[in-house]
Amino acid sequence: MTGAATNQPQSNVPSGKMNGGRALAEMLRLYGVGPMFGMGGFQLLPFYDALRQLGLVHHLINDERCGAFAADGYARVTNRPGVCDGTLGPGATNLATPLVEALNAGIPIVALAGDSNRAHSWKNMTQECRQTEILRPAVKELIRVELTSRIPELTRRAFAVATSGRPGPVLLDVPEDVCHGEHDFGSEDFAIDPANLAAPSRRIRPARADTEAAARLIAAAKRPLLLVGGGIHLSLAYDALQHFAEANAIPVAHTMSGKGSIACTHPLSAGLFGRYSRIANDLVAASDCLIVVGCKLGEIATRRYALLPAHVPVIHLEIVAEELGRSRTAEIGLWGDAREGLADLADALAGDAARQRAAREGYIAEIPKRMAKWRDEAAERLHSRERPINMARLVHELNATMPPESILVADGGFAGHWTGLLYDTKVSGRHYIADRGLASIGYGLPGGLGAALAAPDQPVVAMTGDGGFNMVIGELETARRAGAGNLTVIVVNNAASGYVKALQHAMFGARYQSSDLIEMDYAAIANAMGCRGIRVEDPDALAGAIAAGNSERDRPTVIDVVVTRDAGKMLPGVDNRTVEIKKGDRVA
Ligand SMILES: Cc1ncc(C[n+]2csc(CCOP(=O)(O)OP(=O)(O)O)c2C)c(N)n1
Ligand SMILES: [Mg+2]
């Protein structure tokens, strides 16, 4: 059985006397939210009771942080706000890390936090803390609900903020007495705005003069290059991007978050740029016009702000005006939605597109050739028969085994680094998810759970380090209980906090401190937890194990892959050029 059960949008509008928790649950029902994740406490129990009465799907989570990560994974797959909750104090403060992830990555989430009864606040209530002050900078908007009667209105506001402009997380902070208190509601109170069911709620276009100036710059360029970030997913701009790139013969490089902007197997795909790169960084160096789309040009994308040559003009299309010029001056800033902006650029260039395609024939023919050359150079690692297993071989086997519409979720450690560089999506879309907003470890399993429940008919593989897995292992119980039989967790077991160990190897003379983990058999642990555990030490067994996980539907699978323990070989070595050690700086 998979976790196919989700909440369907419903139209019957309630009215009459009810408590705040019921009003909240009624609003979530009307917004058709997916499975919710949280852990109860007294403050929100009327809400839990209403969920039960209304038959809404809600999963108890073992750590609120994971509940919000699961909501985040759900939101990335569906573009609909993920919903999670935590109770007063520690429940609420556990939400901080995943809410910042969603804030930085622009993911729509509506999080609920129970708060103390205002009749007793600030008298050392148990679990009480200044949670609104702690969480305010972690969210796009924190809404404190002071009246039971305002619950529908402020829930509506939460969905509006979560899905509008650059999407993001919103926290509804609900005091106990507001949740337990009653109000006589009219049916008109429960209005919802259908525009806010999913992101993007509405779209805006860059100013015409800016678009025309950008078009002129592109038309004059010999080697333009698109640098695409996660905004492409938030805008669902895949078709517009592919049309623009193909019509004008412009290759597409992507960040980790932007993977899937066009299929990695598309002849115009230049792969990952930034800290790790196949061919894209060389193309950046030789470009005469960089078109940045839905990308913040942060540290990793720019190799610590050193990647983009100062003399090359930058056109930057971005939904948040304040991001323009933050780390790099843009010759032309296009403030608007990615899909609309790309469509406008394509229109502005339409008359000239055939000439551009002809002029850039040789340029775009280079891309697949360079990619093939890179692949030849990497072949030894991609096909490695080493034991312990080489990370490149693992990702190569994923490339060979994962169906086009499946989803790969990658955790913050090497799981993210290696798949960011080597994993190939076969179609455009959000088929690769990495938590690059905050790059926390521990996202893999819970994020994968949310993705698996959002796409119950697809195999979802969550790749995580052993350190990241240790943080959240209790959620295997949740995944089993939630029926996420389509979820496979791949633990890249290097018995180390590997990234830290690799840095200690490279920069601290292999003086390792607090970077070793004990040898564990995660397959045995998974089996004991009622999941399907498979341990892989032989690289030739990888394909079979991944295929077994992908076809399993009854219970989650955990594949424990014993990967290199050599700290000198842990960094994505298929491109050692990225390893540059500067005094006082870190690798790459
Ligand atoms: C919550 C959190 N703490 C610390 C870090 C810093 N960090 C980045 S990668 C890494 C190593 C994690 O070990 P593991 O999950 O086993 O992944 P590996 O690098 O070994 O593949 C650490 C500690 C982080 N990103 N997130
Ligand atoms: Mg590790």
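Biologist: What makes the link between the side chains of Asn390 and Glu386 a polar contact?

Modeller: This is a predicted model, so every value is computed from it. The side chains of Asn390 and Glu386 are 3.4 Å apart. The cut-off for such a pair of N or O atoms is within 3.5 Å, so the pair counts as a polar contact.

Biologist: Which backbone atom does the side chain of Asn390 reach?

Modeller: The backbone nitrogen of Ala392, at 2.9 Å. Asn390 itself sits in the loop between helix 15 (361-382) and helix 16 (391-401).

Biologist: Why is Asn390 called buried?

Modeller: Its relative accessible area is 8%. Buried means under 20%, so Asn390 qualifies. Leaving aside neighbours within four places in sequence, Asn390 is in contact with Arg381, Ser384 and Trp418.

Biologist: What makes Arg385 and Asp540 a salt bridge?

Modeller: Their closest N and O atoms are 2.3 Å apart. The limit is 4 Å, so the pair is a salt bridge. Arg385 lies in the loop between helix 15 and helix 16, and Asp540 in the loop between strand 19 (532-536) and helix 23 (542-551), so the pair ties together parts 155 residues apart in sequence.

Biologist: Is Arg385 buried or exposed?

Modeller: Exposed, at 60% relative accessible area. The label needs over 50%.

Biologist: Which salt bridge does Arg393 form?

Modeller: One with Asp540, the closest N and O atoms being 3.0 Å apart. This pair also links distant parts of the chain: Arg393 is in helix 16, 147 residues from Asp540. Arg393 is buried, because its relative accessible area of 8% is under 20%.

Biologist: How many salt bridges does a search of the whole structure find?

Modeller: The search finds 35. Among them is Glu26 with Arg29, at 2.8 Å between the closest N and O atoms. Both lie in helix 1 (residues 20-30), three residues apart, about one turn of the helix.

Biologist: How do you know which residues coordinate the magnesium ion (ligand 2)?

Modeller: By distance. Asp466 (OD), Asn494 (OD1) and Ala496 (O) are at 2.0 to 2.1 Å. Donors must be within 2.8 Å of the metal, so these atoms count. Asp466 lies in helix 19 (residues 466-472) and Asn494 in the loop between strand 18 (487-493) and helix 21 (498-507), so the pair ties together parts 28 residues apart in sequence.

Biologist: Why is Asp466 counted as buried?

Modeller: Its relative accessibility is 1%, and the label needs under 20%. Asn494, at 7%, is buried too.

Terms used
Residues are numbered from 1 along each chain as its sequence is written. Chains are lettered from A and ligands numbered from 1 in the order in which they are written. This is a predicted model: local features need pLDDT of at least 70, side-chain atom pairs count only at pLDDT 80 or more; totals for chains, interfaces and linings use all residues. Side-chain values use heavy atoms; hydrogens and water are left out. Helices (H or I, at least four residues) and strands (E, at least two) are DSSP runs, numbered from the N terminus. Buried means under 20% relative accessible area, exposed over 50%, partly exposed in between (1.4 Å probe, protein chains only). A polar contact is a pair of N or O atoms within 3.5 Å; within protein, one must be able to donate a hydrogen and the other to accept it, and residues adjacent in sequence count only if both atoms are side-chain atoms. Contact means heavy atoms within 4.5 Å. Donors are N, O and S atoms within 2.8 Å of the metal (3.2 Å for Na, K and Ca); water is not among the atoms, so sites may look incomplete. A salt bridge is a side-chain nitrogen of Lys or Arg within 4 Å of a carboxyl oxygen of Asp or Glu.
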